[in-house]
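This report examines selected secondary-structure elements of one model. Please consult the sequence and the structure shown below.

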Amino acid sequence: PGLRAGSCLPPCLRSLLVAPGLATMSSATGTLTVQQPLNYRAGARVQPADGGQLEEVFEPATGRVLCKLPCSGEKEVDLAVQSAKAAFKIWSQMSGMERCRVMLEAARIIRQREEIATMETINNGKSIFEARVDIDISWQCLEYYAGLAGSLAGEHIQLPGGSFGYTRREPLGVCVGIGAWNYPFQIACWKSGPALACGNAMVFKPSPFTPISVVRLAEIFTEAGVPKGLFNVVQGGAATGQLLCQHPDVAKISFTGSVPTGMKIMEMAAKGIKPVTLELGGKSPLIIFSDADLENAVKGALMANFLTQGEVCCNGTRVFVERKILDTFTKEVVKRTQKIKIGDPLLEDTRMGALINRPHLNRVQGFIKQAKEQGAEVLCGGDLYVPDDPKLKNGYYMRPCVLGNCKDDMTCVKEEIFGPVMAILPFDTEEEVLERANATKFGLAGGVFTRDIQKAHRVVAALKAGMCFINNYNVSPVELPFGGYKSSGFGRENGRAAIEYYSQLKTVCVEMGDVESVF
């Protein structure tokens with residue numbers, strides 16, 4: 001839904017030339033100029049009241065500096081939290097149906113703002129084709145939780161003698177969301193949707209690599225009618241995140257990112273006995289049985305590895321292929337991978353844009369170099385890509401890579417690369433592949449392709465992963481819970497399950513007779 005063909009920017013954006021409240025925008029990559037503050041507090045864009053160093057923000061497609069981001073300090077964090085606290089008093093007292101109407105309006109506005117996908121593409125490097133899907137998922141998320149807001153309820157329990165008890169589902173208070181750079185706007189909606197539906201307020205910290213689009217979400221919430229300060233944005237890096245996690249008035253932390261950072265956040269939250277939701281890394285298995293529909297299996301493997309330049313936490317980067325179809329499958333995957341169009345992410349026919357920044361590109365390249373040293377064979381790609389367009393020559397591009405002759409103990413098979421690198425591994429039996437698939441510290445996702453429906457359900461039941469796919473991969477319906485096992489984190493985003501992580505139960509016991517006392 002929402003995917004279109006045509007020129008590289010939608011007509012409404014080309015006619016506006018200026019993205020409201022954000023920046024000067026034209027119809028080409030390399031022309032965005034960030035002009036206004038990227039913090040958002042009490043219903044308005046603001047410069048941070050204090051802060052430390054400036055962080056350079058890059059346009060991945062060109063390597064150009066978009067802006068220098070001031071990181072928020074202790075005073076700014078406290079002002080944002082106090083702003084959220086004040087708005088929480090109003091929002092939490094509104095009925096679920098009142099909150100529903102406001103959130104539906106926010107979803108409607110997002111549907112109309114085509115420039116959001118363009119901002120996401122410019123700041124993240126992913127193709128405009130993908131960014132539009134991300135924004136569609138974002139407004140669908142708000143719409144879904146708007147629908148749940150009016151249905152939140154406890155239960156009534158009858159007790160002896162006419163007495164009874166009941167439960168109330170109540171909001172937590174000020175929730176902190178800390179987002180990742182691969183899906184900046186979508187992650188902000190995944191966290192704010194259930195949080196706001198339950199009656200909470202939120203202070204959100206985007207990744208310092210992708211600070212631009214989340215501020216538009218804050219403006220849209222205000223435009224839709226939330227109390228000013230209900231959704232605030234503080235910009236910064238690790239130090240700002242630490243201040244948020246340690247703030248005494250923060251009730252809950254939801255983090256998407258790396259395992260090491262997740263561990264630190266959990267430690268900080270423990271000192272304040274604050275609940276956390278952690279959506280961390282993965283090294284997920286995709287199992288292709290010989291009886292699978294080959295066309296679908298190949299397409300599934302490409303979707304499992306190359307979306308957003310491979311920078312997806314739940315990617316199925318360990319592709320286990322039954323030996324009898326290994327050669328046929330591998331040949332077709334390599335052929336399709338070599339046809340992926342790389343380049344300017346704002347062009348309609350681009351299917352792979354630029355990686356997030358130079359250090360990350362170098363890191364991915366280092367994994368490929370190490371894989372070759374350990375005996376893996378580069379079947380295609382893995383090298384740097386320089387587009388013909390001179391304005392893109394300093395962008396962070398590489399050709400998507402398929403690795404063959406992989407072994408389970410290789411670094412490229414064990415560690416999360418977070419780039420467009422697929423590792424293909426042969427297997428012979430179901431029992432064997434399940435043991436190997438589960439031999440990882442991660443447990444975010446897993447997939448299986450087979451025509452045998454009994455085998456499919458048997459395999460996903462045995463996979464130690466929180467999100468599993470049968471005959472597809474990397475689809476993200478907002479109705480379904482998303483989250484991991486083991487070192488991939490805990491808690492769930494999306495679906496009704498997320499309500500449990502943004503609310504708390506109060507039990508009320510009502511005595512309808514006299515008190516019986518032992519004294």
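Which residue in β22 does Gly446 stand opposite? Gly446 stands opposite Cys468 in β22.

## Basis of the report

This is a predicted model, in which local features need pLDDT of at least 70, side-chain atom pairs count only at pLDDT 80 or more, and totals for chains, interfaces and linings use all residues. Residues are numbered from 1 along each chain as its sequence is written, and side-chain values use heavy atoms, with hydrogens and water left out.

## Strand β21 and its partners

Helices (H or I, at least four residues) and strands (E, at least two) are DSSP runs, numbered from the N terminus. Strands pair if DSSP finds at least two bridges between them. β21 (residues 445-449) pairs with β22 (residues 467-470) in the parallel sense over four bridges. From β21 the chain passes through helix α15 (residues 453-462) to β22 in a right-handed β-α-β crossover (with the strands pointing away from the viewer, the path from the first strand over the helix to the second runs clockwise).

Strand β15 (residues 285-288) also runs parallel to β21, joined by three bridges; Ile287 has Val448 as its bridge partner. Five of the five residues of β21 are buried (under 20% relative accessible area; exposed is over 50%, partly exposed in between, with a 1.4 Å probe and protein chains only). One side carries Ala445, Gly447 and Phe449, the other Gly446 and Val448.

## Helix α2

The buried residues of α2 (residues 74-91) include Val77, Ala80, Ala84, Phe88 and Trp91.

Definitions and conventions:
The expected span of a helix is 1.5 Å times one less than its number of residues.
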